[in-house]
Structures are given as C-alpha cells and as structure tokens.
Amino acid sequence: MALTGLMPLLGFALRRLLTSIPSLLIILVGVFVLLQFAPGDTVDALLAQMGGGDIAVIENLRRFYGLDASATVRMGRYLLRLVQLDLGFSAIYGKPVAEVIVERLPVTLLLMASSLLLALLGGIVLGTMAARRVNKWPDALISTVGLLFYATPSFWLGLMGMVVFAVKLGWLPSGGYEELGAGHVGFWRLVDIARHMVLPTLTLALIFLSIYLRIMRASMLEVSTMDFVQTARAKGVDETRIVTRHVLRNALLPMVTLVGLHASTMLGGSCVVESVFTLPGLGRLAYEAVVQRDLNTLLGIVFISALLVIIVNFLVDLLYARLDPRIREKGR
C-alpha cells in the first residue's frame, strides 16, 4: 500500500490514541484520591520496619517525603514531576521508582505477551474447529471445556497446576522466574526461564482462551451466512479456501477488538498469577507497594500500566483499521 493509503489508517489510530490521554490523567487522579482513604502511609510502613520512633523522627520523615502537605498539593507536585518524566523516589526500596519498575517490567511483559499469544492462537484454532463442526460432539466438547476454564478462578488453576506438574510429577518448577544460583547463561538461561514461565502462562491464558474461542465460533458462524460466502460456495470454491480467504479474515475483526480490551484485564490478572508463582513482575510489585503503603511506586505502576494499555490499544486499532474493509477502501 502506498504512503497515501497508509494515511487513513494512521489517522484513525492516532485519533484513538489522542482520546486516551485524558483517560490516563483521570486514572492517575482517581487512584491518588482513592489511596488517600487507605489507612497509613509510607512513614507508617517505615516506622513499622524500624520498630517505631519518636514524634520528631515522624515529623522529619513526613517532611522529607512531602507527606506534611495537603493531598491537593501533593497531587500537583506529582503531576508536575510526571510531566518531567520523574516517577519519584521509592522509600521502601531506596531508589527511584523508574529503576524499580524497569527491573520488574520485563517479567510482566513476557507473561502478558506469551499468555495473550497462546490464548489468541488457541481461541482462533478451537473456535474455528467448533464452528466447522457446529452442533456436533467436537463443538460440544470444546464449548464445555472452554466454559469450565472460564468459570475457574485463576489462582485455583495456578495452585492445581503446581500440585500436579510441580509437586506430583516434578516436570516443572513450582515458582520463581529462574533457578537461583544455577549460573545458567545464554541459551540454557532462556530454557530455564521458559520452564518457569510455562505454568504462569497457562494459568493466565486459559481464562482468556475460553473467551476467544466462544467469540471466534460465533463470529465464524455469522460470517459464514453472509452473501459473499454463499456466492463463493455457489461458484464451487473449495471449502478450505472459503474458510481461510473469506470467512477467517472477516471473523478476526471482533477478536482484534477484544485483544485491546483484555490488555488491562491481563495486567490485573498478572497481579494474582505473579503472587501465586512468586514472579518478580509489576503485579507482585503492586501488591508489595499496597502492603507497604509505597504511594510513589504504586502510582508509577499505575502510570506505566495505563501507558502499556494505551500503546497496545493503539497497535490494535492500527491492525483493526488494516483489516476493516471500510477503512481500507478509503486508502485506495
């Protein structure tokens, strides 16, 4: 497609991207306000670790971390720092929040990408199989198994996976990101990380896979009844060619939309999965930040998470615009 053909696609995606900026600001302000109602703050957590302190120490700590100012002033200071790309300082971890997040971000990105890819590919394949065998035993089996996975809590799936594959069979590690002290490098380190990520990836992916296969099945059945598909069948086109060239491409549009919507849901699900499997990712970091009242770290995680969701949705919108024939026709 020529450069002029790409302009409508980019314009469509950029308009969607610009509308996300106010949402990001509202999210940050909303989370900041909600955290003001939570009992305790960073100084309380630090005093608990130190075993207490006198009034002078408490006042000095609150002044040092800016907690002596009003909530409105602290919010304004935080937004001003955010404009300067400064996420603040983590009192609990003793270093800038940006460094703490950068250390944990690759684990969460790997978990999200692998889970989303597995769920998407599995949903497309199983949904297509169910649609081509509609109202027969493969359709009933796939739909039933998908419903079971959807109805099962993710933490229970993770725990049962550890019991079966780690404790009973001993095939996979029960938790962690890699084997500590093993000294693996290069290819063998990648293999070790992959083994540790199998159970968390399956746990997070199975719930979304059940959603995708149901949507794919319904979308395939709907597209199969459209006029252009019936015309292709009347011309004697091979059924496999009809499915791959006509039905599948149009049936993918709802799936592409769901990927963007589920990006934020996967970030929330990663908090549970990372806690179950003790993965050092953003989800577990958020849990630790809440427990220890580390406001700067928690707001930094919210900001980065929201930014990731916006970027994913931008890419999804670009792909949707590429697949949607109405937008594609404008570029010709």
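Me: What is the relative accessible area of lysine 95, and how do I read it?

Reply: Lysine 95 has a relative accessible area of 25%, so this residue is partly exposed. The cut-offs are under 20% for buried and over 50% for exposed, with partly exposed in between (1.4 Å probe, protein chains only). This is a predicted model: local features need pLDDT of at least 70, side-chain atom pairs count only at pLDDT 80 or more, and totals for chains, interfaces and linings use all residues. Residues are numbered from 1 along each chain as its sequence is written, and side-chain values use heavy atoms, leaving out hydrogens and water.

Me: Which residue forms a salt bridge with lysine 95?

Reply: Start with the idea. Side chains of opposite charge can pair when their charged atoms come close. A salt bridge here needs a side-chain nitrogen of Lys or Arg within 4 Å of a carboxyl oxygen of Asp or Glu. Lysine 95 pairs with glutamate 103, and their closest N and O atoms are 2.7 Å apart. Glutamate 103 is partly exposed, at 48% relative accessible area.

Me: How many salt bridges does a search of the whole structure find?

Reply: The search finds 4. One of them joins arginine 104 to glutamate 288, at 3.3 Å from N to O. Arginine 104 sits in helix α6 (residues 97-132) and glutamate 288 in helix α12 (residues 282-291), 184 residues apart. Helices here are DSSP runs (H or I, at least four residues), numbered from the N terminus.

Me: Are arginine 104 and glutamate 288 buried or exposed?

Reply: Arginine 104 is buried, with a relative accessible area of 15%. Glutamate 288 is buried too, at 18%.

Me: Which residue does aspartate 139 pair with?

Reply: Aspartate 139 bridges to arginine 217, with closest N and O atoms 2.7 Å apart. Aspartate 139 is in helix α7 (residues 137-151) and arginine 217 in helix α9 (residues 186-224), so the pair ties together parts 78 residues apart in sequence. Both aspartate 139 and arginine 217 are buried.

Me: Which residues do salt bridges with shared partners join into one network?

Reply: Arg104, Arg284 and Glu288.

Me: Now the nonpolar surface patch. Which residues make it?

Reply: A patch takes residues with over 30% relative accessible area and no salt bridge; like charges are joined within 9 Å, nonpolar side chains (Val, Leu, Ile, Met, Phe, Trp, Tyr) within 5 Å. Areas come from the Shrake-Rupley method with a 1.4 Å probe; for residues, only the protein chains shown count as cover. This patch covers about 870 Å², and its residues include Phe155, Trp156, Val163, Trp171 and Val272. Helix α8 (residues 154-168) gives the largest share, 7 residues. Valine 163 lies in helix α8 and is partly exposed, at 36% relative accessibility.

Key:
Helix = DSSP H or I, 4+ residues; strand = E, 2+ residues; numbered from the N terminus.
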